[in-house]
Amino acid sequence: MSSIVLATSAEDSRAVEAVVAHHTEMNGTLGLLVEALAQAVETGDAPSATTAHRRLVDWTRADLLPHAQAEEAAMYPHAHRDPQARLLVDAMIAEHRVIGGLVDALATATSPVRAAAHARALQVLFETHLTKENEQILPLLALSTDVSLAGVLDGMHELLGAHSHGEHGTPAAGGEPGVADRCGCGDGAGGGCGGGAADEVPARADAPARAEGAAPAEPAGHSCGCGGHDDAGNLPVLDARSVPHAIRHATIFGALDGVAPGVGMVLLAPHDPLPLLAQVDARWPGTFTVDYLERGPETWALAFVR
């Protein structure tokens, strides 16, 4: 995906970024729910498979399908007016029908194995569908002088989720007008997606000073298990090392959003994710406990439990 999205206005640029961020989080949620079902099937854990199956069906009906309907109502009619995009939009609508069919097949699956197969097919199709929306439909609308993408999306919660203008996912203040900040974690140029010293969490005013050479303190609200959540081997795993830098945090947020109370997930990160932990604390105060299962040097593994 391109690192920038051109638009006719700063408002449209922010609207593109908000939709892409919401797409990324939805994809992360779906990935976590599908992985939980697949892992339960692989281990022969029938009760967990039943629970994972039900949660996946509930999410697709409450979030995924309404999102698709909102796209058809808000975005697609405007893109369809462009002769060069008409066939693409028709194909995208057809894909929505296939997605709906997969959701129905998932809901009526008679065995965990069949449910997992439908779930994986849904995940693959949804990811490729979002890529076409992000890379073709949204840029087309953002560059159009005949339509305000920000106006089209105004109030469309199903398309933006929590990413309304001015919230998480929009360009940093002072950013270049008309070009969307593509950092999925919304950190801007000073970002916290990658590794290195730039990812240090700013110290709280009331925090005690840290001695030179000492390990950085854990963000407030998180525990340090230093190697051991007993059930970590049974938790679904999100390997963020393979997720592009620009959308890494948004993908993780989506996965965490799919974690049910009392269970969790394991995150594999390419660096100590202190900025992410601070953002999780801000986004879900007091909701997750975190245990470090592995501390580098190449991989950091953390168990998140809701």
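**Notebook: rings and one buried Glu**

I counted 3 aromatic pairs here, where rings of Phe, Tyr and Trp (its six-membered ring) pair if their centres lie within 6.5 Å, with planes under 30 degrees apart called stacked, over 60 edge-to-face and the rest tilted. This is a predicted model, so I kept its limits in mind: local features need pLDDT of at least 70, side-chain atom pairs count only at pLDDT 80 or more, and totals for chains, interfaces and linings use all residues. Residues are numbered from 1 along each chain as its sequence is written, and side-chain values use heavy atoms, leaving out hydrogens and water.

I looked up Phe 253 and Trp 284, which make an edge-to-face pair, 6.1 Å centre to centre with 70° between the planes. The pair links distant parts of the chain, 31 residues apart: Phe 253 is in helix α8 (residues 248-257), and Trp 284 is in the loop between α9 (274-283) and β3 (289-295). Helices (H or I, at least four residues) and strands (E, at least two) are DSSP runs, numbered from the N terminus.

Next I checked Trp 284 with Phe 288: the centres are 5.6 Å apart and the planes at 80°, so this pair is edge-to-face too. Phe 253, Trp 284, Phe 288 and Phe 304 form one aromatic cluster.

Last, I found Glu 95 in helix α4 (residues 86-107), buried at 15%.

Definitions and conventions: Buried means under 20% relative accessible area, exposed over 50%, partly exposed in between (1.4 Å probe, protein chains only).
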